[in-house]
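Please open the model in a viewer and keep the selection tool at hand.

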Amino acid sequence: MNASRSDVLILGGGVIGLACALHLLKGGARVRVLEQGTPGCGSSHGNCGTITPSHAAPLTMPGTLGVALRSVLRADAPLYLNPRLDGPRLRWLMGFARRCTWHDFEHAAKARAAILQRSYQLLAELVSAEKLDCEFVEEGLLYVYRSSGQMADDEHHHAQLLDRLGIPVQRLRGDDVAAMEPALKPGVYGGLFHPGDARLRPDRYVAELARLVHEHGGMIETGAKIERIATNDQSIVSVATTLGDFTADRVVLALGAWSPLLGKQLGLHLPMQPGKGYSLTYSRPKLAPRYAMVLREPKVCVTTWDSGLRLGSTMEFSGYKEGLNRTRMEALRRGAAEGLHEPEGPQLQEEWWGWRPMSVDEMPIIGPSTRWSNLHLATGHGMLGVSMSAATGELVAAQMLGTAPAIDPVPYAPSRFHL
């Protein structure tokens with residue numbers, strides 16, 4: 001490969017960028033990935049690693065914005081809206097509010113279900129075929145309830161939606177949940193079990209994707225911070241980075257939460273906001289949960305691997321504000337302690353925060369740009385980048401290489417936002 005030129009230049013070396021690179025390489029393209037840090041150092045690293053067709057329901061459910069607004073004075077709320085004035089965030093919230101209708105909710109759920117189910121299939125096949133070392137386990141995801149009210153609400157809006165989408169969900173009584181999960185404290189009211197979900201260790205999955213990209217002849221430039229993009233009237237000409245200038249016939253924008261910042265250089269106003277998430281990673285406790293689970297009242301996700309335990313979740317809209325929020329970290333600890341006999345492992349290994357790329361309609365933005373002839377977008381996956389990664393890579397490769405896509409690309413098209 002030429003020192004600076006390739007067929008496809010991918011901006012962003014997270015789970016989405018690497019999945020796109022791998023599928024394009026398998027299709028015969030020469031690919032280079034530009035990553036400002038190291039592969040997967042952003043939100044691909046510290047999330048809970050659940051692979052979840054069950055998460056088809058978008059946040060754009062009627063009533064969600066009211067929940068967020070009521071959280072303004074509660075810094076430890078699972079869904080927290082920072083009251084600081086912020087023009088772009090306010091415009092995003094207004095657009096989000098317009099989409100909190102049952103019609104938009106159902107539309108987004110169907111689109112999310114399609115890409116999540118396809119991605120699960122591809123990911124499982126990839127893990128098996130390539131023997132990926134990422135602690136992939138297909139044992140389902142358990143929602144745990146300690147109150148009848150929360151379970152009734154989820155049964156109505158969550159479980160019935162999954163029934164309509166054909167995604168399996170099992171209703172369980174409290175004693176059934178206690179029998180299948182000894183790690184839980186007494187007092188469980190009931191549960192919803194999603195047998196079609198799985199889990200993996202996301203940092204190891206991303207490392208394995210990077211390995212496969214290298215093995216298929218791709219280049220990954222680390223420490224390549226993008227400084228400017230040169231264009232002519234219709235296309236991107238070159239990308240200048242701290243490592244030098246790079247050119248390609250086609251460019252893929254896969255920068256996750258950073259996508260709107262770079263998009264401004266291209267005159268693209270991506271309707272996205274960073275949704276800040278947190279996690280705590282421990283060495284594995286003796287009484288570790290058998291299943292990945294969500295403790296529904298405190299909204300804490302718990303994932304166990306052979307190599308450790310992770311507590312995660314929460315959603316904080318504070319713009320591009322960096323750093324750990326101790327109040328929210330403690331909320332994770334408290335929530336886990338309410339439900340688990342051993343909510344923490346013997347050793348705290350990592351405290352983490354990261355920005356999720358939240359699109360205004362809760363659907364990813366995947367497809368060709370309507371403004372730039374050689375630009376493709378693959379961003380806006382929200383909390384589901386790992387879950388949607390394989391199908392996103394497949395779809396991007398199909399569109400760029402001219403083959404038939406496995407899923408309908410229309411719901412994810414950038415053209416819906418005139419991008």
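The stops below cover pairs of packed helices, then cavities and a pocket.

**Before starting**

This is a predicted model, in which local features need pLDDT of at least 70 and side-chain atom pairs count only at pLDDT 80 or more, while totals for chains, interfaces and linings use all residues. Residues are numbered from 1 along each chain as its sequence is written, and side-chain values use heavy atoms, with hydrogens and water left out.

**Stop 1: α1 with α8**

Two packed helices are described by the angle between their axes and the distance between the axes. Select helix α1 (residues 15–26) and helix α8 (residues 202–215), which pack at an angle of about 30° with their axes 9 Å apart. Helices (H or I, at least four residues) and strands (E, at least two) are DSSP runs, numbered from the N terminus. Axes are lines fitted to C-alpha atoms, for helices over the stretch in contact, and angles run from 0 to 180 degrees between N-to-C directions. α1 and α8 are therefore roughly parallel to each other; angles under 35 degrees count as roughly parallel, over 145 as roughly antiparallel, 65 to 115 as roughly perpendicular and the rest as oblique.

Now show the side chains of the contact (heavy atoms within 4.5 Å). On α1, Val15, Leu18, Ala19, Ala21, Leu22 and Leu25 meet Tyr205, Val206, Leu209, Ala210, Leu212 and Val213 of α8. By class, this contact of α1 with α8 has 12 nonpolar, no polar and no charged residues. Here Ala, Val, Leu, Ile, Met, Phe, Trp, Tyr, Cys and Pro count as nonpolar, Asp, Glu, Lys and Arg as charged, and the others, Gly among them, as polar.

**Stop 2: α1 with α11**

The contact of α1 with α11 has 11 nonpolar, 5 polar and 1 charged residues.

**Stop 3: α5 with α6**

Select helix α5 (residues 102–130) and helix α6 (residues 148–165), whose axes lie 11 Å apart at an angle of about 55°. That makes α5 oblique to α6. Trp102, Phe105, Glu106, Ala109, Lys110 and Ala113 in α5 meet His157, Leu161, Arg164 and Leu165 in α6. Among the residues of this contact of α5 with α6, 6 are nonpolar, 1 is polar and 3 are charged.

**Stop 4: the largest cavity**

On a 1 Å grid over the protein atoms alone, a cavity is a set of points where a 1.4 Å probe fits but cannot get out, and a pocket is an open set with protein on both sides within 12 Å along at least five of seven lines; lining residues have an atom within 4 Å of a point. Select Leu59, Thr64, Leu65, Ala68, Leu79, Leu81, Trp92, Leu93, Phe96 and Phe317, which line the largest cavity. The elements giving two or more residues to this lining are α3 (64–70), β4 (79–81) and α4 (87–98). The lining of the largest cavity has 9 nonpolar, 1 polar and no charged residues.

**Stop 5: the second largest pocket**

Finally, select Pro88, Arg91, Leu270, Pro271 and Met272, which lie nearest the centre of the second largest pocket among its 19 lining residues. α4 gives the most to this lining, with 5 residues.
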